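Me: I'd like to learn how to read the overall build of a model like this one. Could you take me through it feature by feature?

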Amino acid sequence: MIRLFVRSFASLCAAAVLAGGCASPCFAVDPAADPVATVITLLGSDDADLRAIGLDRVRNGLEGPQATTAIAAIVSKAAPTRQIELVRALADRGDGAAVPAVLALLLASPEAEVRAAAILALGQLGSGTEVAVLTKSLAAQDPERAAARRALERLKGADVGKQVAEAARHGEPALRPTFIDILVARRERSAAADLVSLATDGDERVRLAALVALAKLGGTDHVGGLVDALLKTSSAGERAEAERAIVAVCTQSRDPGRATEIFMERFKAASEGEREALLPTLGRIGGPAALAVVDGLIADPDAAKRRFGLKAITRWPDATVAKRLVVLVGETQDPAERAQLVGALIRIAPLPDNKLDDRQKLELVKQTMALCATDEERARLIERVNAIRTVDAFRFVLPFVDNATFAEPACKSVVELAHHQKLRDAHKDEFVKALDKVIATTKNPELVERAERYKQGKTWERKKSS
Amino acid sequence: MAYDPASLDAPFKALAAFDWGHDAAPLAAIDAAVIAAHGDAAARDDVEKRLAAILAPGPTRAAKEYACRKLSMIGTAACVPAVAGLLGDADNSHMARFALERIADPEAVAALRAALGAVSGPLKIGVMSSLASRRDAASVPAIAALLKADQATAVAAAKALGAIQSPEAAEALAGAAGAAGGPLAAAIADARFECAEALLRQNRRAEAAAIYKAVATAAAGKPESRLIELSATRGLVACADTLAAF
């Protein structure tokens, strides 16, 4: 291990040497001397390399809390930059015996960077006792504020989550959403009940933060509360977050089946008006029980109910309703309804993880193509086909490159499919010809560039959306 | 599966002519026999003899490599002469070492020791590396003598002594340190740190500190040796620390 250190340490020191720091470290270390005193002397050196040796010992050596206390005692006397490096080393050491000294530094230092380092160290070394002081720092400016948030996210202690949840309920109004975010970062599932009550708080920012948090921390016990919150939402954004949280709990929580059952029970017990409000969520959750409800509404002679039923089924999360949608397209006489239903088919047919295999997906695409009434619908479908990453999907879409109306979406699909090297290499000749055709056809310079790159066996990095 | 010697005649015939890229399926029976020989002394002897025979002139290089790999698992003193016979062969020396490094019997390391004086160039460096991997203290005098050889051999000797880590190895390194320069000086310093680290692991702090102190003193004041001096200083501090957290 020393050799490992020697190598890493050597690279650590190399910069100093190259920078011309050639002063000899000739340090008379006496192996028989008190190691703590030796390290303290090293830490006081003006030679950064010798201080690095001392800091390494603080991190990895010097047995016991007494050594920690002795080292921590010199923090207050050091220059600010050295205070920062020493506090970081004490934090990495992980001994809570340094907490009083770090706390004293936080309260006494006039330097924001030093206080931020102390705050971060408290996050590593502290316990529930430090929540109050960190909460206070959260109200400061950066870098203290950012450090306090990070510290509260990582602070250990059984009661820390409880205290943060309490701050989210009754703390400084401007900071309450931040406390909720901290609960999410801490994965405080035990705070989910508090979050449910915060989802109907008087402060919209708190409500939104709570709903976002419940999507990650909520479970079966919170479905009822989330439904209540959804029914009380006052804005489209809030409604979307509530819906997202319910869908997340009903599809991704530890017991999604039970969560969905609870949602369905709540739905059945709801008033007619509430049901209308819950229908879009029902559609996004999907499943046989939800489909039975939706089918009943679609079959209802009441036009409004049918409209809600259709809205729900067109938001279905997978292709299990594909046949039902195809039947409904055949039955409807209303062009708007037809467009809505075909739009749903265009969305779900090639959807990854839509419960169909690739062959079935392509069959559904072909079936949907036959149902499309407008070129706009056909173009949308052609562009979506690239989600099916098979050579058959490629062969389906390729002829549309020659059709002036669909050339651009077809070119895009061909290029997207060519992006997948395994698929491209397995059918190299076909893809090269197709990419040549794309280059000659498309007016989109990005597609031309990508096609050229794929032909040369190169990859292409998708620009990240801001 | 019971061991069946007669069933191995054809696979060993196939092995003798085997080459890389050929179908390896016929060798599966030998793989199975090596496994079946576990705990069956007679079977082990038979398979070992057959594998050792592959190392004689005639069979392909690929066959010899295969045989060495298998002998590294089941080989004993009995196969050592056949394996050691390849140590001077540039094509097969590395595979012979692969087997001899792993055969537990002392004859294997003795064969490596004997070969050290008989081979030259890269093969000598390879044999030193194998003796180092066996941490063979008995080979220290021979390896120490090579600290005065050409640079590549001398650097390899320093590394080998650093791996052996015996007091004699540490002494030999200390003796060569003063006259060495360039890459050899760095290799010797690194090897001495290896020895000191081993002592520290055994809680022989005073002995470890003596090595660190000597290295630090020798490097003191030389800008080109600053990293060595710093590393030695760090080692000295570690010797003073009762918590061996490295």
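Me: What share of the contacts in chain A with a separation of 6 or more comes from residues 24 or more positions apart?

Reply: Start with the term: two residues are in contact if their C-beta atoms, placed from the backbone, lie within 7 Å. In chain A, 62% of the contacts with a separation of 6 or more join residues 24 or more positions apart. For chain B the figure is 59%. Bear in mind that this is a predicted model, where local features need pLDDT of at least 70 and side-chain atom pairs count only at pLDDT 80 or more, while totals for chains, interfaces and linings use all residues. Residues are numbered from 1 along each chain as its sequence is written, and chains are lettered from A and ligands numbered from 1 in the order in which they are written.

Me: Okay, secondary structure next. How many helices and strands does chain A come to?

Reply: Elements here are DSSP runs numbered from the N terminus: helices are H or I with at least four residues, strands are E with at least two. Chain A comes to 28 helices and 0 strands. Chain B has 14 helices and 0 strands.

Me: And what is the radius of gyration of chain A?

Reply: That one is taken over C-alpha atoms, and you hold it against a globule rule of 2.2 Å times the number of residues to the power 0.38. Chain A has 31 Å, whereas a compact globule of 466 residues would be near 23 Å. Its C-alpha atoms fill a box of roughly 95 × 60 × 35 Å along the principal axes.

Me: What percentage of chain A counts as buried?

Reply: A residue is buried if 20 or more other C-beta atoms, placed from the backbone, lie within 10 Å of its own. By that count, 43% of the 466 residues of chain A are buried. In chain B, 48% of the 246 residues are.

Me: Which domains is chain A divided into?

Reply: Bounds like these come from an automatic or database domain assignment. Chain A has domain 1 (32–155) and domain 2 (158–255), with 34 Å between their centres, taken over C-alpha atoms. Across the boundary, 9 residues of domain 1 are in contact with 12 residues of domain 2. On the domain 1 side, α8 (131–138) and α9 (144–154) of chain A are the elements giving two or more residues.

How values were computed
Buried ≥ 20, exposed ≤ 12 C-beta atoms within 10 Å, placed from the backbone.
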